[in-house]
Amino acid sequence: MGRVTERRRVLRIRGGAVNTRPDTLVAEEPLEIRLNGRPIAITMRTPGDDFALAAGFLVSEGVLAAASDVRNIVYCAGATEDGRNTYNVVDVQLAPGVEVPDISLERNVYTTSSCGLCGKASLDAVRTTARFPIADAPPLRIAPELLSLLPVRLREAQKVFDSTGGLHAAALFTEDGELLDVREDVGRHNAVDKLVGRALREGLLPLERAVLLVSGRASFELAQKAVMAGIPVLAAVSAPSSLAVDLAAETGLTLVGFLRGPDMNVYAGEHRIDVKAP
């Protein structure tokens with residue numbers, strides 16, 4: 001199986017001094033996701049937590065809602081012409097009675113580390129029906145002061161980033177700021193899928209009292225993944241897209257962007273941010 005990091009020789013120039021040295025890079029390999037033996041998606045990812053990634057992807061597609069929906073997840077032996085198992089093809093086998101949706105590579109469901117899910121037939125196809133409508137009762141309330149601490153806690157938990165500097169990260173926190181889980185990947189959408197997939201397999205969905213923090217921007221796809229997992233708060237250290245804000249407003253998701261120290265913008269779901277009146 002591919003490693004999380006790899007070593008490459010580089011020419012290093014610093015202050016006019018030139019030398020050669022090995023450098024540590026984050027690994028990137030393709031992963032084909034199959035559903036009951038049928039290819040449905042290809043993503044470029046950092047190897048590791050592949051079963052969780054596949055499960056989380058299928059949660060965001062509206063296929064899975066509970067661990068009992070899955071009969072088995074396996075690597076496909078003989079994935080190449082010479083019969084080798086590359087550990088880059090995963091087959092998710094549904095439990096009896098679970099409906100198999102109409103998603104396949106023929107619908108151009110293709111993911112990349114840069115943009116996530118691309119090329120769906122229409123915007124309506126992207127707007128997957130939520131299995132867990134956001135209904136935190138009583139509504140989660142989180143102070144801006146607590147939110148401001150989360151990026152530091154996320155950064156401290158990024159083990160592979162320290163050696164490569166080339167990974168996105170996503171983390172789940174409790175409403176009290178306790179770190180529940182963190183995943184790293186070359187694709188931020190993959191990192192979120194790994195989190196959600198792990199939660200699914202541990203029977204924790206919906207994540208109705210959790211805060212999701214992502215290390216980059218908040219795209220529509222990441223907002224949808226939060227909604228599909230029942231997560232009420234999504235925070236990002238960078239900007240959200242307009243469509244992410246629209247989706248958050250439609251679904252009741254609290255969306256926070258530009259979370260940097262004590263500063264942040266709240267784009268939707270302000271009722272969950274415990275702001276003291278001036």
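Which residues in α6 meet Glu221, Leu222 and Lys225 in α7? The tour begins with that question, and the model to be toured is a predicted one.

**First stop: helices α6 and α7**

Please select residues 188-201, which form helix α6, together with residues 220-228, which form helix α7. The residues of α6 that meet Glu221, Leu222 and Lys225 of α7 are Arg188, His189, Val192 and Asp193. Sorted by class, this contact between α6 and α7 comprises 4 charged, 2 nonpolar and 1 polar residues. Two packed helices are described by the angle between their axes and the distance between the axes. Here the axes of α6 and α7 come within 10 Å and cross at roughly 5 degrees. Because angles under 35 degrees count as roughly parallel, α6 is described as roughly parallel to α7.

Next, select Pro206, which lies in the loop between α6 and β11 (210-214). The peptide bond that joins Leu205 and Pro206 is cis, with omega at about 0 degrees.

Together β9 and β10 form a hairpin with 4 residues between them. In the turn, Gly177 has a positive phi of about 90 degrees.

Select Asp49, in the loop between β4 (38-45) and α1 (50-60). Its phi is near 55 degrees, a positive value in a residue other than glycine. Asp49 is partly exposed, with a relative accessible area of 29%.

Then move to Phe258, which is found in strand β13 (residues 254-260). Phe258 is likewise a residue other than glycine with a positive phi, in this case near 50 degrees. The relative accessible area of Phe258 is 29%, which means that this residue is partly exposed.

**Last stop: confidence along the chain**

Finally, colour the chain by pLDDT. The protein chain averages a pLDDT of 85, and 84% of the residues score at least 70. Where does pLDDT stay under 50? Select residues 117-123 to see this stretch, for which the model has 18 contacts beyond four places in sequence.

Key:
Residues numbered from 1 in each chain as written. Predicted model: local features only at pLDDT ≥ 70, side-chain atom pairs only at ≥ 80, totals over all residues. Heavy atoms only, no water. Axes fitted to C-alpha atoms, helices over the stretch in contact; angles between N-to-C directions. Helix = DSSP H or I, 4+ residues; strand = E, 2+ residues; numbered from the N terminus. Parallel < 35°, antiparallel > 145°, perpendicular 65-115°, else oblique. Contact = heavy atoms within 4.5 Å. Nonpolar A, V, L, I, M, F, W, Y, C, P; charged D, E, K, R; others polar. pLDDT = per-residue confidence, 0-100. Buried < 20%, exposed > 50% of the residue type's maximum accessible area, 1.4 Å probe, protein only. Pairing = 2+ DSSP bridges.
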